[in-house]
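Reader: I have a structure open on my screen and would like to learn how to read it. Could you take me through it step by step?

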Amino acid sequence: MYGTLYGIGVGPGDPELLTIKAIRILKEVAHVFAAASSKNDYSLALAIVKDHLSPETTVDHLAFPMTFHSQSLESAWMANCERVLDVLRVGKDAAFITLGDPLTFSTFIYLMRKMRERLPGIMIKSVPGITSFQAAAACANLPLAEGEEAITILSGAKGGGRLKEAMQVSDNVVLMKTYRHFPEILTQIREAGLQDNCCFISRCGLEGEIVERDFGRMMEMKSPHYLSLMVIKRRGLGLLETTLLPARHSDRKKMVNRTCPHEVRYL
Ligand SMILES: C[S@@+](CC[C@H](N)C(=O)[O-])C[C@H]1O[C@@H](n2cnc3c(N)ncnc32)[C@H](O)[C@@H]1O
């Protein structure tokens, strides 16, 4: 009998944003898989959960290419799927850990799809995680939506082209993956007259966290970190709090990945 695969969301960085359910399952499974870039083996998701794994747990990295090239992605995920199946086939349970939530812009979606294609009856369970934009909104004390408002969550990986369209139907937009086309995204925001209505959040809950509401200072950032997003609010930021006080500094002791070169800025 095959084991179960759990897709576990580990939150966006702060290890205290891991759910109790995630911790329980991570302690129970025999094997933990983490996605890593094909260029190096570092996994932030693994750094977040490492204190909860038992010494008997086997940890494996699944390499995946950071590309839009569908053939490369397809073959990488076929190979990764076979490696996970090798564990499940001998009756062991496995977990695939992923940043944020496993069903929100996550590599787990590729894996789950491949596993289902390969073996339709396989047992797969998703364990939700706190998404990056929920944590980012919390760290900026920025409401994501209220009352009758709508919210749209978009990827900016291919630029900000869909932003204008989204702002016409939504009161609030979360733009994920703002790192690659940041200058172009800022141009789109300015052309839509929304430069005073956006907040940029980078490395939320991690060393080097940035919360920036000033558009001029955003323009000075040439290439933000991969872990960056923006919240754009049609009706304005409605600032409930303009300064994040040093209370947050006590959290910094628990932050992972201390090698980040960026300055922590609380604006
Ligand atoms: C592949 S997606 C992962 C999304 C994740 N599954 C979630 O639920 O938030 C990667 C994008 O998530 C956002 N992200 C993830 N962690 C973040 C963090 N700690 N701070 C800011 N943005 C983050 C960034 O926009 C990044 O480019």
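Reader: Which classes of residue make up the shell around the ligand?

Author: Start by sorting the residues by class. Here the shell has twelve nonpolar, ten polar and three charged residues. Keep in mind as we go that this is a predicted model.

Reader: Which residues of that shell come nearest to the ligand?

Author: Of the 25 residues around the ligand, the nearest are Pro12, Gly100, Thr131, Ser132 and Cys204. Helix H5 (132-140), strand E8 (198-202) and strand E10 (228-233) are the elements that give two or more residues to this shell.

Reader: Now the protein itself. How many helices and strands are there, and what share of the residues is buried?

Author: The protein has eight helices and eleven strands. Of its 267 residues, 39% count as buried. Among contacts between residues at least 6 apart in sequence, 73% join residues at least 24 apart.

Reader: What should I know about nonpolar cores?

Author: The general idea is that in soluble globular proteins, nonpolar side chains tend to be buried together. In this model the largest nonpolar core has 68 residues, and Ala95, Ile97, Ala136, Leu175, Ile201 and Val231 have the most contacts inside it. Domain 1 (5-127) and domain 2 (132-266) both give residues to this core, so the core too lies between them.

Reader: Which residues does Ala95 touch, leaving aside its neighbours within four places in sequence?

Author: With those neighbours set aside, Ala95 is in contact with Tyr6, Ile8, Ile25, Leu26, Val29 and Val32.

Reader: Is Gly9 buried or exposed?

Author: Count the C-beta atoms around it. Gly9 has 26 others within 10 Å, and the cut-off for buried is 20 or more, so Gly9 is buried. Gly9 sits in strand E1 (residues 5-9). Leaving aside neighbours within four places in sequence, its contacts include Ala22, Thr98, Gly100 and Val127. Thr19 is ten residues along the chain from Gly9, and their C-alpha atoms are separated by 8.5 Å.

Reader: And Pro55, is that buried or exposed?

Author: Pro55 counts as exposed, because it has 4 C-beta neighbours inside 10 Å and the cut-off for exposed is 12 or fewer. You will find Pro55 in the loop between helix H2 (44-49) and strand E3 (58-64).

Reader: What can phi angles tell me?

Author: Most residues other than glycine have a negative phi. Phe105, however, has a positive phi near 45 degrees, and Lys177 has a positive phi near 50 degrees. Phe105 is in the loop between strand E4 (94-98) and helix H4 (107-118). Lys177 is in the loop between strand E7 (172-176) and helix H7 (182-191). Phe105 is partly exposed, with 18 other C-beta atoms within 10 Å, and Lys177 is partly exposed with 18 as well.

Reader: Last one: what is the average pLDDT of the protein?

Author: The average is 88, and 88% of the residues score at least 70. Over residues 243-267 the pLDDT is below 50, and this stretch has 38 contacts in the model beyond near neighbours in sequence.

Note on methods: Residues numbered from 1 in each chain as written. Predicted model: local features only at pLDDT ≥ 70, side-chain atom pairs only at ≥ 80, totals over all residues. Near = placed C-beta within 6 Å. Helix = DSSP H or I, 4+ residues; strand = E, 2+ residues; numbered from the N terminus. Nonpolar A, V, L, I, M, F, W, Y, C, P; charged D, E, K, R; others polar. Domains from an automatic or database assignment. Core = buried A, V, L, I, M, F, W, Y, C linked by C-beta atoms within 7 Å. Contact = placed C-beta atoms within 7 Å. pLDDT = per-residue confidence, 0-100.
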